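Subject: The structure for you to look at

Hello,

Here is the structure I promised you. Please open it first, then read my notes below.

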Amino acid sequence: MRIGRRSALMFFIFLILFGMQGAAASDGPIPIFLSKELGVAALSDVATALDRPLDGGWVVKMAAGEKRRIKTCRDFVAVTKSQFELPNAVDWAAWWQQGAHCFALDVLEGARPALRSHLGWFRFSKLGITKLPPRLALSESPDDLDEVAAAERACNSWGHFDETLRIRIEAPDRAVLRSDGWTGRLVLYARADIDGDGVEDLLIRRDGSATGGTAVESRVFVVTQSSPTECARVVRVMGAPDATGSP
Amino acid sequence: MTFSRRKTKATRESDKEERDCQTVGSDTPWKHFCVGVPSYEFDLYSVSRAMANSRFPGPLGRAEAPSPRTAGPLGRGDAADPDTHPLLRGDTPGALGRNDWADPDSVSYRMRTIVGRLASQSGLRVPLDYERIYRHIVRWEGVVRHMYLDTHKPPLVTVGAGNMLQDAVAAQALPFVNAATNRPATKEEIAHAFRVVASMPGGLPAERYHLSPSIELPEETVKELAISRVRTEFVPKIKKLFRGFDGFPVAAREAIIDIAYNAGVGSPETVVHGKTHAATGLHKFHRLKTAIEAGDWLAAARSSHRSSSRPERNEWTRELFERAAREDGTSHRLHLLDKHLKPPVF
């Protein structure tokens, strides 16, 4: 009887371990997740969404002096590759805030279902978010950036890097963030193979604003994990021109 | 207005360079990035001020430009702006950085440097020019005379240079004007404008919140509000952080105010109930703080980068610190020190 109980316990532990392994590296096409905030139901809708009219009727002034009307996300992504100026500096934050959505759609146009995933552990929960890379924090100073780089080298998670990070989950794909010196918002835009290597990536948007200052930034991050033993890392950042790795 | 146009040798060379560039391709959008813009030995500042209010549709909603002395590429009145008259180009401490007041070859720069260095060495305290600081705010942050929604979630009703309005009552406390009648707006008009703007979606260009008739603040009030905020909210906190702030070169003080306005002054690292709270805002710029405290303006220039700021603004702030180094003479001292402190080569 005792042996039977022990066997059952062993079998139960085996089941748990097997399940965890399955979560760490799944094989076969993995279902895509797309946030409602993107306004697309499937990857096939992304191209149409890129051609949808933008809110606001933006007009920018190009380097040569001519004015250009930015009607769609495609226009937005194209103009950010050139030098331009907004009519009023006050619109700078709103421009990039709206643009984060466009950057996300732009990278999703080439996305496809992943064949493998080492991000099976990630759930859009407080715990899941704290396990993301520290690069998602709002880092304003060169000292901040150095600290983030050191934390990434040490494979530290965001939660370990910033113990004051407070997270409130608002929706299955949306959270409010608060930390020392800044507040923000996080949106899980998508789970899919974004960079074409067959491995699942996360497409995450983070908006942040400095407390007591005017600094505001909206960035879109591509997070991936190449193997079960590696830590999750940011492979691409999109946002205002100074964002590392921005187009 | 009359002024002399005696050109320096460097200026003549840069004129030639400009002609060369325009010959190569006057239609290229980047021609201004290869030109050497002419500089003249007269006070560009007074000329630019005299002409500032005439040509550009500025953010204040009238045919007004904050100043042609703006920094980055395509700044209004900037050397990179094709609308800018060649005579007005170059008085920019911006990305182009040539033939402007930060250009060590220009006479006006030399004069400013000599005056700044004399003031610094004699212990004189040069007061801050808040009008200039306001122009920096207009340049980098923008101002809006009517109510608009900012980018917070949820968005907040704001006016002027980021003056948040808690509610309609807060708005009614400000001297809004009905632009159609050019008379002070009534409390009902202000409350109505507040409600309409508050009900609109956030994240749109500020111009989209412009109502008809427009209920807006006079330009002077916008300026007063911005200056008052810098004077009462930022400068006292900065002075607490840097005891010698009043004695710093003017350019360094302007750069510090810009960073504080942008990143917040913040607070130093604290430990509360055994939990460490990281430094925030300006306090978070450890290397910058150390450099400022040591009066090492070149090191401050290298540590002044903000990751959320546009590159032109970062470049401009860096140049301000570099100018402070020239004014203060620290660049020369550091250069000499560097020379003498080099380890011997065996």
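How many residue pairs are in polar contact across the interface of chain A and chain B? The rule finds 22, counting pairs with both residues at pLDDT 80 or more. Keep in mind that this is a predicted model.

**The interface**

Let me stay with the two chains. Chain A gives 50 residues to the contact, and chain B gives 54 residues. On the side of chain A that touches chain B, 18 residues are nonpolar, 16 are polar and 16 are charged. Several elements of chain A give two or more residues to this side. Among them are strand 3 (53-62), helix 4 (92-108) and helix 6 (142-153). Strand 10 (201-210) and strand 11 (216-224) are also on that list.

The size of an interface is often given as the accessible area lost when the parts come together. Here, chain A and chain B bury about 4,100 Å² between them. Carbon and sulfur atoms carry 49% of that area.

The rule finds five across the interface. Look for A:Glu85 and B:Arg310, which form a salt bridge. Their closest N and O atoms are 2.6 Å apart.

**Confidence in chain A**

The mean pLDDT of chain A is 88. Of its residues, 87% reach 70 or more. Two stretches need care. Over residues 15-24 of chain A, pLDDT stays under 50. The model has six contacts for that stretch beyond four places in sequence. Residues 243-247 of chain A also stay under 50. For those, the model has 14 contacts beyond four places in sequence.

**Backbone details**

Most residues other than glycine have a negative phi, and most peptide bonds are trans. Here are some exceptions to look up.

- The peptide bond from B:Lys153 to B:Pro154 is cis, with omega near -5°. B:Pro154 sits in the loop between strand 1 (144-149) and strand 2 (157-160) of chain B.
- B:Ser212 and B:Pro213 are joined by a cis peptide bond, with omega about 0°. Find B:Pro213 in the loop between helix 7 (187-198) and strand 6 (215-216) of chain B.
- A:Cys155 is not a glycine, yet its phi is positive, about 65°. This residue lies in the loop between helix 6 and helix 7 (158-161) of chain A.
- B:His273 is not a glycine either, and has a positive phi of about 50°. Its place is the loop between strand 7 (270-272) and strand 8 (275-277) of chain B.

How accessible are the last two? A:Cys155 has a relative accessible area of 38%, so it counts as partly exposed. B:His273 has 83% relative accessibility, so it counts as exposed.

**Chain B as a whole**

Chain B has 13 helices and eight strands. It has 346 residues, and 53% of them count as buried. Take its contacts with a separation of 6 or more: 56% of them are between residues 24 or more positions apart.

Is B:Lys223 buried or exposed? Its relative accessibility is 12%, which is under the 20% cut-off. Therefore B:Lys223 counts as buried. You will find B:Lys223 in helix 8 (residues 219-241) of chain B. Leaving out residues up to four places away in sequence, B:Lys223 touches B:Glu131 and B:Tyr134.

Best wishes

Key: Residues are numbered from 1 along each chain as its sequence is written. Chains are lettered from A and ligands numbered from 1 in the order in which they are written. This is a predicted model: local features need pLDDT of at least 70, side-chain atom pairs count only at pLDDT 80 or more; totals for chains, interfaces and linings use all residues. Side-chain values use heavy atoms; hydrogens and water are left out. Contact means heavy atoms within 4.5 Å. Buried area is the accessible area (1.4 Å probe) that two parts lose on being put together, summed over both. A salt bridge is a side-chain nitrogen of Lys or Arg within 4 Å of a carboxyl oxygen of Asp or Glu. A polar contact is a pair of N or O atoms within 3.5 Å; within protein, one must be able to donate a hydrogen and the other to accept it, and residues adjacent in sequence count only if both atoms are side-chain atoms. Helices (H or I, at least four residues) and strands (E, at least two) are DSSP runs, numbered from the N terminus. Ala, Val, Leu, Ile, Met, Phe, Trp, Tyr, Cys and Pro count as nonpolar, Asp, Glu, Lys and Arg as charged, and the others, Gly among them, as polar. pLDDT is the predictor's confidence in each residue, from 0 to 100. Buried means under 20% relative accessible area, exposed over 50%, partly exposed in between (1.4 Å probe, protein chains only).
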